[in-house]
Amino acid sequence: MKEKYFINPFTLFLFWLIGSTAVFGQNAVLQFSNQTIQLGKVDANTTYTITVPFKNIGTDPVELIKIDTDCGCSSASWTKKQVGVQEEGSISVTFKPLLGETPFYRNIIIQTDAKIAQYTLSIQGEIVSNHPTPSTQDYLVDWKEHVKAVPIFSGYHFNIKGEIDEVSTIPIYITNVGDKSLFIQNVTCKGFEVESVQLPKTIKKGEVLSFPVKVKMTEKGVQQQYLKVNTDERTILIRIRTTTI
């Protein structure tokens, strides 16, 4: 039986880190002041500079690699490229709403060198005016009080291609950015094998849990299954789509 390891663009970099002697970024976890930014009622002729504070609540330093946006932002930057344990920083984006698109939903994607390699912030709002005179406005996103556990995964959907009897291993990581401990009750799936993880398990704030999933190609064609992670906060579904040739 052949076995291969499925690597997507984000986990490719993670494998290099795991195999190196350096621990930089391994167990870093970013907590943002708020990952859903509600601008409320905005003006289409106003340029908004949105600043989102963050903190590294993990146990290792982290490096921010880049920021991608689909929000029509003219610029995106961060105050620190390398963030130590318990250090704080912020990212800023310049955003101008598009007239006629209301309500609007836009994403800011932050990529790091940690196990949790990607974070998504969303900007939401409603355009209610279009003043003739252009203006600018600064918007600082206040810290949201986390009174519960907040699970974040390294990925929520995976696509795998292979031949009959091949086995692909998907490294999946989960962290908790809330203030309350996260209780992982169990992980269930159909047709997949989750490598040895002692469950139930409690994940404290900033901790990272790994549970690799082995997927064996058994039927030709396209198959779609779901990995179900049951926690005390909610049940999370991870989609795994296989294409066997």
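Trainee: In what order do the five strands of the open sheet stand, and what is the sense of the pairing?
Mentor: This is a predicted model, and what follows should be read as such. The five strands form an open sheet whose pairing is mixed. Read across that sheet, the order is β3-β10-β9-β5-β7.

Trainee: Which strands stand at the edges of this sheet?
Mentor: An edge strand has a single partner strand, so one side of it is left without a neighbour in the sheet. The two strands to which this applies cover residues 36-43 and 82-83, and they are β3 and β7.

Trainee: Which residue of β10 stands opposite glycine 40?
Mentor: Strand β10, residues 118-129, pairs with β3 in the parallel sense, and seven bridges join the two. Along this pairing, the residue of β10 that stands opposite glycine 40 is glycine 125.

Trainee: How many bridges join β4 to β8?
Mentor: Strand β4, residues 46-56, pairs with β2, residues 30-32, in the antiparallel sense over three bridges, and glutamine 31 stands opposite lysine 55 there. With β8, residues 88-95, strand β4 also runs antiparallel, and threonine 51 has serine 92 as its bridge partner in β8. The number of bridges between β4 and β8 is eight.

Trainee: Is the pairing of β4 with β11 parallel or antiparallel, and which residue of β11 is the bridge partner of threonine 46?
Mentor: Six bridges connect β4 with strand β11, residues 135-140, and the sense of this pairing is parallel. The bridge partner of threonine 46 in β11 is serine 135.

Trainee: Is asparagine 56 buried or exposed, and which backbone oxygen does its side chain reach?
Mentor: Asparagine 56 belongs to strand β4, and its relative accessible area is 0%, which lies under the 20% limit, so the residue counts as buried. Leaving aside residues up to four places away in sequence, asparagine 56 touches Ala28, Val29, Leu30, Pro61, Val62, Val83, Gly84, Val85, Gln86 and Glu87. At 3.3 Å, its side chain reaches the backbone oxygen of valine 83.

Trainee: Which residues have the most contacts inside the largest nonpolar core?
Mentor: The largest nonpolar core has 33 residues, and the elements that give two or more residues to this core are β2, β3, β4, β5, β8, β9 and β10. Isoleucine 123 touches, among others and not counting residues up to four places away in sequence, Ile37, Ile50, Val93 and Phe104. The residues with the most contacts inside the core are Ile50, Ile91 and Ile123.

Trainee: Through how many residues does the hairpin join β21 to β22?
Mentor: Strand β21, residues 221-231, pairs with β16, residues 182-188, in the antiparallel sense over four bridges, with threonine 231 as the bridge partner of isoleucine 184. Strand β21 also pairs antiparallel with β22, residues 235-244, over 10 bridges, and valine 229 stands opposite isoleucine 236 in that pairing. The number of residues through which the hairpin joins β21 to β22 is three.

Trainee: How are the rings of phenylalanine 153 and tyrosine 156 arranged?
Mentor: A search of the whole structure finds five aromatic pairs. In the pair of phenylalanine 153 and tyrosine 156, the ring centres are 5.7 Å apart and the planes stand at 65 degrees, which is over the 60 degrees required, so the arrangement is edge-to-face.

Trainee: Which of these classes, buried or partly exposed, does phenylalanine 153 belong to, and which does tyrosine 156 belong to?
Mentor: Phenylalanine 153 has 3% relative accessibility and therefore counts as buried. Tyrosine 156 has 36% relative accessibility, and this value makes the residue partly exposed.

Trainee: What percentage of the residues in the protein chain is buried?
Mentor: The secondary structure of the protein chain comes to one helix and 22 strands. The chain has 245 residues, and the buried ones make up 44%.

Technical notes
Residues are numbered from 1 along each chain as its sequence is written. This is a predicted model: local features need pLDDT of at least 70, side-chain atom pairs count only at pLDDT 80 or more; totals for chains, interfaces and linings use all residues. Side-chain values use heavy atoms; hydrogens and water are left out. Two strands pair if DSSP finds at least two bridges between them. Buried means under 20% relative accessible area, exposed over 50%, partly exposed in between (1.4 Å probe, protein chains only). A polar contact is a pair of N or O atoms within 3.5 Å; within protein, one must be able to donate a hydrogen and the other to accept it, and residues adjacent in sequence count only if both atoms are side-chain atoms. Contact means heavy atoms within 4.5 Å. Rings of Phe, Tyr and Trp (its six-membered ring) pair if their centres lie within 6.5 Å; planes under 30 degrees apart count as stacked, over 60 as edge-to-face and the rest as tilted. A nonpolar core is a set of buried Ala, Val, Leu, Ile, Met, Phe, Trp, Tyr and Cys residues joined through side-chain atoms within 4.5 Å.
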